Structures are given as structure tokens and as C-alpha cells.
Amino acid sequence: ASYTLTVNPKTYTITVANNISNGSISADKSSAVEGATIKLTAKPNTGYKLDTWNVKDASNNSVSVNANGEFTMPASNVTVSATFVAIPQLDTPTNLSATDVTTTAATLTWDWIDNENSQYLNGYNLYYKKVGDANFTGPITCNSKSSTRNGLTPNTEYVFKVAATSNNINECKSSEQSAEFTFKTKDLTQL
């Protein structure tokens, strides 16, 4: 006589923690056998990004999660959690000024402080208008901390503002627009 022995491998549960702030997570399985690959998915709330995965076995030992959000199921139940952090924002440009002002042109300059988010700086968006006009002209894309504007009207007040732009808004947001700076072009009699 011949016998067939069927062994069902032990399955372990995957529990997703319910106390996660600023986003939600899910696992592609609710239970699995030891050695199975489990895929985690993170959905950050607006303005947040995934910082770290936290997978613990039944003995509170950490289980490694790879860059693709996958881990290998241990011979234990696991609890899955994650930490979300606010997406940082580029610093707002400061110290706006106008130099080399003529009757029809001005060089507009500003400062921007390099910091831990500098790698995300793409450039600057410049906006300007005549004082009293409803709408700004712009954005005018700039790759340095200055821009010469030509074709201005003599003896006229202008206002400008600038924002630092991000090259990766999922990792670092563009800055707020700076405070406005007002300057006046020279009168034709000032030549």
C-alpha cells in the first residue's frame, strides 16, 4: 500500500498597525508562510513622505525591509508600521534689491541660503509688475540669484518677488514667494 502525506506549512499573520499618522500603509498579504516575500505600500498624506518602515516579529525583533518596500516573512507573526515625515520646503529668498537701475532696465538680485535641502534647488521664479498693476509678469525662470529686466518704463515704480523652485517636489517643496521689493526706474532727466 502507498500513502501520501500532505503537510500544510504553518502560516503567520501580518498585522498592519492602526496608529499610523500622516499616511496609510498596506501589505499585499494578511498571512504568509516563512520565506514568502511581502510587498508593502505606503500612501502618504498630502505634504508628507515615507520616512521609515517598521516591521517587528512576535519577539519585537526588527525585520529588514528593502528599498522596494518588501520583506521576507519570518517564522513568526509580524506587525507592520511606518513613519511619515513632512516634506521639507526650500528657504524663501531674502534681501531683494535692484542695482544698475537705468531709465529702462534694472538688475534684480536676492540671497538664498544653502542648507540640507540645497540639492533640490532647481532655480528661481521671478515675478514683477508696475506698482498699481493687477497682475505680475512671470514666472521668469532664473538659474542664478539675479536677473536683468530690460524694456522697463522710465520714472516708474516696479515691484518684484522671487521663489526658489524645487527639482523634486516629492522630496522638497518649492519655497514661498519672497516679500515684495519696490524700486523706481530713473527719469529721463536723470541721465
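Predicted model: local features only at pLDDT ≥ 70, side-chain atom pairs only at ≥ 80, totals over all residues.
Residues are numbered from 1 along each chain as its sequence is written, and side-chain values use heavy atoms, with hydrogens and water left out. A search of the whole structure finds 2 salt bridges and 0 disulfides.

**Ser166**

- Ser166 is found in strand β14. Strands (E, at least two residues) and helices (H or I, at least four residues) are DSSP runs, numbered from the N terminus.
- The Ser166 side chain also reaches the backbone oxygen of Cys172, at 2.5 Å.
- Ser166 counts as buried, at 12% relative accessibility. Buried means under 20% relative accessible area, exposed over 50%, and partly exposed in between (1.4 Å probe, protein chains only).
- Neighbours within four places in sequence aside, Ser166 is in contact with Leu90, Tyr120, Asn122, Cys172, Lys173 and Ser174. Contact means heavy atoms within 4.5 Å.

**Cysteines**

- A disulfide is a pair of cysteine sulfur atoms within 2.5 Å. The whole structure has 0 of them.
- For the sulfur of Cys142, the closest cysteine sulfur is in Cys172, 19 Å away and too far for a bond.
- Cys142 is buried, with a relative accessible area of 5%.
- Cys172 is buried too, at 0% relative accessibility.

**Salt bridges**

- A salt bridge is a side-chain nitrogen of Lys or Arg within 4 Å of a carboxyl oxygen of Asp or Glu.
- Asp28 and Lys29 meet in a salt bridge through their side chains, at 3.5 Å from N to O.
- Asp28 is partly exposed, with a relative accessible area of 44%. Lys29 is partly exposed as well, at 32%.
- Glu171 forms a salt bridge with Lys49, and the closest N and O atoms are 2.7 Å apart. Glu171 lies in the loop between β14 (157-166) and β15 (181-184) and Lys49 lies in strand β5 (residues 48-57), so the pair ties together parts that are 122 residues apart in sequence.
- Glu171 is partly exposed, with a relative accessible area of 27%. Lys49 counts as buried, at 19% relative accessibility.

**Open sheet β9-β10-β13**

- 3 strands form this open sheet, in the order β9-β10-β13, with antiparallel pairing. Two strands pair if DSSP finds at least two bridges between them.
- β9 (94-99) and β13 (146-149) stand at the edges with a single partner strand each, so one side of each is left without a neighbour in the sheet.
- The twist averages 15° from one strand to the next. Axes are lines fitted to C-alpha atoms, for helices over the stretch in contact, and angles run from 0 to 180 degrees between N-to-C directions.
- β9 and strand β10 (residues 106-111) run antiparallel and are joined by 4 bridges.
- Thr94 stands opposite Asp111 in β10.

**Strand β1 and its partners**

- Strand β1 (residues 11-16) pairs with strand β3 (residues 31-33) in the antiparallel sense, over 3 bridges. Tyr12 has Ala32 in β3 as its bridge partner.
- β1 and strand β8 (residues 78-86) run parallel, joined by 3 bridges. Val16 has Val80 in β8 as its bridge partner.

- Asn125 has its place in strand β11 (residues 121-130). Asn125 is buried, with a relative accessible area of 17%.
- Residues up to four places away in sequence not counted, Asn125 touches Pro139, Ile140, Thr141, Lys161, Val162, Ala163 and Thr165.
- Leu152 lies in the loop between β13 and β14. At 5% relative accessibility, the Leu152 position counts as buried.
- Not counting residues up to four places away in sequence, Leu152 touches residues including Tyr128, Tyr158 and Phe183.
- Leu152 and Asp28 are 124 residues apart in sequence, and their C-alpha atoms are 60 Å apart in space.

Definitions and conventions. Polar contact = N/O pair within 3.5 Å; in protein donor to acceptor, adjacent residues only side chain to side chain.
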